[in-house]
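This report describes a protein model, one topic at a time. Please look over the sequence and the structure before reading on.

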Amino acid sequence: MSSIRESLNLITKKRDSVDKREFLRFIYASFKPKRGEHVLNESQLKDDDKELKRAYKTALTHYHPDKNSSNEFGLEWHFTAEHITKELNVNFERIKLIES
């Protein structure tokens, strides 16, 4: 239980300490999506906020708890994916504010 707590705390710390592009790279490198076809599209991480927003939308679908069932991937991964989704949403909302 402490290892999952440490992972969740690390995710939150990273979200607060690196820029939005680096955060996405960190998530995909450290917590690879369980479905092999889900990968980070680096071309969306250029200086275009619309592309970054699209990358976050994609990541939200890759890590969404409904797409990462505890029956299929285990309870620990389900909780991790749920936390990743929450942290991705925080940054996604910040990106939307920049656009408006």
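## Helix 1

Helix 1 covers residues 2-17, and at 1.5 Å a residue its 16 residues should span 22 Å. The expected span is 1.5 Å times one less than the number of residues in the helix. Helices here are DSSP runs of H or I with at least four residues, and strands are runs of E with at least two; both are numbered from the N terminus.

The buried residues of helix 1 are Ile 4, Leu 8, Ile 11 and Arg 15. They cover an arc of only 55° around the axis, and therefore sit on the same side of helix 1. The arc is taken from the directions that run from the helix axis to the C-beta atoms. Buried means a relative accessible area under 20%, exposed means over 50%, and partly exposed lies in between, using a 1.4 Å probe and protein chains only. An α-helix has 3.6 residues a turn, so residues three or four places apart point the same way. The buried residues of helix 1 pack against helix 2 and helix 5. On the face turned away from the buried side are the exposed residues Arg 5, Glu 6, Lys 13, Asp 16 and Ser 17.

## Source and confidence

The model is predicted: local features need pLDDT of at least 70, side-chain atom pairs count only at pLDDT 80 or more, and totals for chains, interfaces and linings use all residues. Residues are numbered from 1 along each chain as its sequence is written, and side-chain values use heavy atoms, with hydrogens and water left out.

The predictor's confidence in each residue, from 0 to 100, is called pLDDT. The mean pLDDT of the protein is 91, and 98% of its residues reach 70 or more. Confidence is lowest in helix 4, with a mean of 91, and highest in helix 2, at 96. Where pLDDT is low, the predicted coordinates should not be read in detail.

The 15 residues of helix 3 should span 21 Å at 1.5 Å a residue, and the end C-alpha atoms are 21 Å apart, which agrees. Its buried residues are Leu 52, Lys 53, Ala 55, Tyr 56, Ala 59, Leu 60, His 62 and Tyr 63. The buried residues of helix 3 pack against helix 2 and helix 5.

Which residues have the most contacts inside the largest nonpolar core? They are Ile 11, Leu 24, Ile 27, Tyr 56 and Leu 88, in a core of 23 residues. Helix 1, helix 2, helix 3 and helix 5 each supply at least two residues of this core. A nonpolar core is a set of buried Ala, Val, Leu, Ile, Met, Phe, Trp, Tyr and Cys residues joined through side-chain atoms within 4.5 Å. Leaving out residues up to four places away in sequence, Ile 27 touches Ile 11, Lys 32, Tyr 63 and Ile 84. Contact means heavy atoms within 4.5 Å.

## Asn 91

Asn 91 is found in helix 5 (residues 75-99). Is Asn 91 buried or exposed? Its relative accessibility is 1%, so Asn 91 counts as buried. Not counting residues up to four places away in sequence, Asn 91 touches Arg 15, Lys 20, Phe 23 and Tyr 56.

## Salt bridges

The structure holds 8 salt bridges. A salt bridge is a side-chain nitrogen of Lys or Arg within 4 Å of a carboxyl oxygen of Asp or Glu. Side chains of opposite charge can pair when their charged atoms come close. One of the bridges joins Asp 16 and Arg 15, at 2.5 Å from N to O. Asp 16 is exposed, with a relative accessible area of 52%, whereas Arg 15 is buried at 12%. Arg 15, Asp 16 and Glu 87 are linked in a network of salt bridges.

Arg 25 forms a salt bridge with Glu 22, with the closest N and O atoms 2.7 Å apart. Arg 25 and Glu 22 are 3 residues apart in helix 2 (residues 20-30), so about one helical turn separates them. Arg 25 is partly exposed at 27% relative accessibility, and Glu 22 is partly exposed at 38%.

Arg 35 forms a salt bridge with Glu 72, with the closest N and O atoms 3.2 Å apart. This pair links distant parts of the chain, 37 residues apart: Arg 35 is in the loop between helix 2 and helix 3 (49-63), and Glu 72 is in helix 4. Helix 4 is made up of residues 70-73. Arg 35 is partly exposed at 27% relative accessibility, as is Glu 72 at 48%. The C-alpha atoms of Glu 72 and Lys 34 are separated by 9.7 Å, and these residues are 38 apart along the chain.
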